[in-house]
Amino acid sequence: MARIELRDVVKRYGAVEVLRDINLDITDGEFIVLVGPSGCGKSTLLRMIAGLEPITAGDFLIDGARMNDLRPRDRDIAMVFQSYALYPHMDVARNMGFSMEIRKDPTEERKNKVAQAAATLGLSALTDRLPKALSGGQRQRVAMGRAIIRDPRAFLFDEPLSNLDAALRVEMRLEIARLHQKLGATMIYVTHDQVEALTLADRIVVLNGGDIQQVGGPLDLYERPANKFVAQFIGSPTMNVVPVSGTEAGVTIANGKTIALPHLPDTQQAVEMGIRPEHLDVVDPGAGDLNAVADVVEHLGSDTNIYVKVDGVGPLMVRKHGNIPAKSGDRLGLRVRSEKVHIFAPDGTALRRAA
Amino acid sequence: MSVAARRHPALTIGKYAALAFYLAFALFPLYWLLKIAITPDALIYSEGTRLFPSAVSFDNFRTVVFQTDFLAYFGNSLTVSLATAAITTLIAAAAGYAFSRFDFMGKRIIIALMLITQMFPLLMIIAPIYRIVGQLGLLNSLTSLIIVYTAFNIPFATFLMQSFFDGIPKDLEEAAMMDGCSRFQALRKVVFPLTLPGLGATLGFVFTAAWSELLFALMLISKNDAMTFPVGLLTFVSKFSVDWGQMMAAGVLALIPSCLFFIFIQRYLVQGLTSGAVKG
Ligand SMILES: Nc1ncnc2c1ncn2[C@@H]1O[C@H](COP(=O)(O)OP(=O)(O)OP(=O)(O)O)[C@@H](O)[C@H]1O
Ligand SMILES: [Mg+2]
């Protein structure tokens with residue numbers, strides 16, 4: 001249905017460059033998630049694709065045709081806004097059918113489609129209500145209904161779930177996943193939420209400060225982050241990063257311990273080492289690579305988070321599956337799973353053997 | 001029951017006393033207008049400041065309507081006020097929308113200029129306006145009043161409309177455009193219905209302002225058949241006496257259109273039309 005390409009796309013507001021040289025190829029039916037810290041330009045990128053924001057430079061193509069200068073209505077793309085943006089003076093049915101009303105589709109067809117979409121989204125009983133008489137979750141569904149009724153070439157979502165409570169968010173997340181399976185349409189989805197990104201995406205685009213940091217599948221980003229930013233941004237809890245000095249065979253931590261990294265290249269250049277909390281093993285004091293004292297222990301039932309202070313290094317976090325009988329003040333040893341270690345050059349790029 | 005009211009009965013009494021006092025204070029002049037209008041001529045001076053007249057008569061109204069030019073003034077005022085309100089609101093709505101939604105060169109300068117026009121006392125520009133209107137050959141015409149009133153009301157009306165447009169989330173228009181509307185269609189189908197309260201308020205404001213304007217009407221109109229109502233009221237003041245009863249009766253009648261107008265638009269003034277559009 002729609003293959004979307006961005007070629008060297010730039011966005012400037014006056015002298016401020018908000019997005020730089022964005023290159024992205026989205027294949028038909030792909031679910032792309034844009035993540036990044038607040039203000040990195042996710043919404044701006046989405047709005048440029050929608051046609052609500054002019055593209056300063058570069059090309060934007062759908063199925064090979066340049067779309068830069070087309071009006072939103074001519075792009076055949078649907079968007080679900082974070083604020084839902086329901087028309088307050090129209091009831092649910094008219095809100096959902098508005099695009100068909102504008103297209104002057106036959107009334108019968110419109111009614112059928114609205115009824116069908118309302119049934120899919122569990123809104124059948126609410127079609128004659130005004131938006132102000134709906135709960136947040138119901139409004140969200142209406143906003144989705146308005147998008148799916150159009151059968152567009154692509155869907156855009158700008159943090160569609162961020163106004164919902166946790167339980168509803170999980171439910172709607174599944175609904176969106178189901179919707180994608182059913183429609184098979186190209187979807188571009190902006191979120192702050194790691195779990196949404198990792199569960200929904202075919203590929204995740206990590207943005208920071210107007211640049212694409214990395215594009216890849218959820219596991220790619222988790223296992224092979226291209227740089228320190230992605231390493232720390234993807235994955236929860238956040239990856240531990242400690243300063244090291246690189247040697248021929250591996251890296252030396254501040255406590256004098258050297259960790260051999262035969263699988264990694266250019267270890268001499270490493271200035272920092274990253275290790276995820278789940279890749280540190282708890283062992284007897286003195287037996288591991290690091291000696292530490294437990295500071296705070298969080299028992300989550302399925303997992304245990306241990307915030308430790310490592311002698312000569314500083315605070316780190318350890319996450320273990322199951323219940324670890326540790327308590328605050330305990331001394332413990334930590335073993336680094338060296339095959340899971342990431343090392344970073346001074347400019348932050350990850351040092352890795354070409355795959 | 002509000003929390004404050006439950007807290008202390010004295011507070012409740014005090015609150016209502018204050019409200020009653022304010023109402024009496026605000027409405028007393030209106031009451032006095034009505035009272036004098038229905039007091040028979042003979043009793044106006046003899047009964048002086050009595051709160052209720054001892055006899056009631058509608059002679060003043062009859063005289064005003066059938067024996068003076070009042071109806072003509074009234075018609076003139078209606079024409080001028082309605083035309084001014086309509087034209088001003090139309091222009092102000094367009095300008096307010098532009099100010100609210102677009103960034104264009106010179107926007108700040110135009111806004112500043114519009115503010116500056118509101119700073120001068122009208123008396124200062126009466127003479128130049130008189131000359132301009134005179135040279136255009138529009139003296140003694142209702143058109144001159146419509147033009148002048150429109151010009152003077154546009155800045156404030158524009159700011160008013162802008163604030164109403166600012167209150168309508170941009171997302172709504174963008175959603176409409178994504179749904180296939182052109183900008184104009186989005187304006188007509190989504191923004192316009194939500195701006196009705198703003199249009200109503202602006203219409204009401206401009207109508208009342210034009211309805212009660214005296215200064216320019218007095219300057220630009222000297223012929224009886226083009227006089228508006230506030231000027232016409234002055235004809236009840238003759239060299240030797242003031243016909244209070246008839247003047248007040250005319251005043252009471254003059255209130256009617258304003259009241260009707262506000263009754264008509266008040267449902268559009270009710271706020272909350274946009275609630276539910278976005279997550280509140
Ligand atoms: N009209 C504008 N003029 C100037 N700068 C703007 C304008 N609109 C947005 N920006 C800037 O562009 C940058 C990107 O904004 P954008 O809304 O795309 O961020 P975002 O990634 O969506 O953030 P969030 O996660 O908070 O929604 C921000 O730094 C913002 O300050
Ligand atoms: Mg955003």
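Chain A holds eight helices and 21 strands, where helices (H or I, at least four residues) and strands (E, at least two) are DSSP runs numbered from the N terminus. This is a predicted model, in which local features need pLDDT of at least 70 and side-chain atom pairs count only at pLDDT 80 or more, while totals for chains, interfaces and linings use all residues. Residues are numbered from 1 along each chain as its sequence is written, and chains are lettered from A and ligands numbered from 1 in the order in which they are written.

**Chain A as a whole**

Select chain A to begin: along its principal axes, its C-alpha trace spans about 75 × 45 × 35 Å. Of its 355 residues, 41% count as buried; a residue is buried if 20 or more other C-beta atoms, placed from the backbone, lie within 10 Å of its own, exposed if 12 or fewer, and partly exposed in between. Among the contacts in chain A between residues at least 6 apart in sequence, 64% join residues at least 24 apart, a contact being a pair of residues whose C-beta atoms, placed from the backbone, lie within 7 Å.

Next select strand E1 (residues 4-13) of chain A together with E2(A), which pair in the antiparallel sense over seven bridges; two strands pair if DSSP finds at least two bridges between them. Within this pairing, Val9(A) has Ile22(A) in E2(A) as its bridge partner. The hairpin has two residues between the strands, and Gly14(A) takes a positive phi near 60° there.

From here, select ligand 1, whose surroundings include Tyr13(A), Val16(A), Val18(A), Lys42(A), Ser43(A) and Thr44(A); a residue is near a molecule if its C-beta atom, placed from the backbone, lies within 6 Å of it. Strand E2 (16-26) and helix H1 (42-50) of chain A each supply at least two residues of this shell, and H1(A) gives the most, with three residues. The shell divides into four nonpolar, six polar and one charged residue, where Ala, Val, Leu, Ile, Met, Phe, Trp, Tyr, Cys and Pro count as nonpolar, Asp, Glu, Lys and Arg as charged, and the others, Gly among them, as polar.

**The nonpolar core**

Now select Leu34(A), Ile49(A) and Leu156(A), the residues with the most contacts inside the largest nonpolar core, which has 153 residues; such a core is a set of buried Ala, Val, Leu, Ile, Met, Phe, Trp, Tyr and Cys residues joined through C-beta atoms within 7 Å. Helix H8 (residues 142-166) of chain B gives the most to this core, with twelve residues. Centre the view on Ile49(A), which, leaving aside its neighbours within four places in sequence, is in contact with Ile4(A), Phe60(A), Ile77(A), Leu156(A) and Ile188(A).

Display both chains and select their interface, where 23 residues of chain A are in contact with 22 residues of chain B. On the chain A side, the elements that give two or more residues are strand E6 (77-80) and helix H2 (92-103), and H2(A) gives the most, with four residues. The residues of this side divide into 15 nonpolar, five polar and three charged.

Stay with H2(A), whose buried residues include Val92(A), Asn95(A), Met96(A), Phe98(A) and Met100(A). Among the elements that cover its buried residues are helix H3 (107-120) and helix H4 (136-148) of chain A. H2(A) is followed by Lys104(A), whose phi is positive, near 60°.

**Backbone details in loops**

Asp76(A), in the loop between strand E5 (65-66) and E6 of chain A, has a phi near 60°, a positive value in a residue other than glycine. Asp76(A) is partly exposed, with 18 other C-beta atoms within 10 Å. In chain B, select Asn140(B), in the loop between helix H7 (122-135) and H8, which has a positive phi of about 60° although it is not a glycine. Returning to chain A, the peptide bond from Ser236(A) to Pro237(A) is cis, with omega near 0°, and Pro237(A) lies in the loop between helix H8 (228-233) and strand E11 (240-246).

**The five-stranded sheet**

Finally, select the open sheet of five strands in chain A, with the order E15-E19-E16-E17-E18 and antiparallel pairing. Strand E15 (280-283) and strand E18 (314-321) stand at the edges, each with a single partner strand, so one side of each is left without a neighbour in the sheet.

Key
Two residues are in contact if their C-beta atoms, placed from the backbone, lie within 7 Å.
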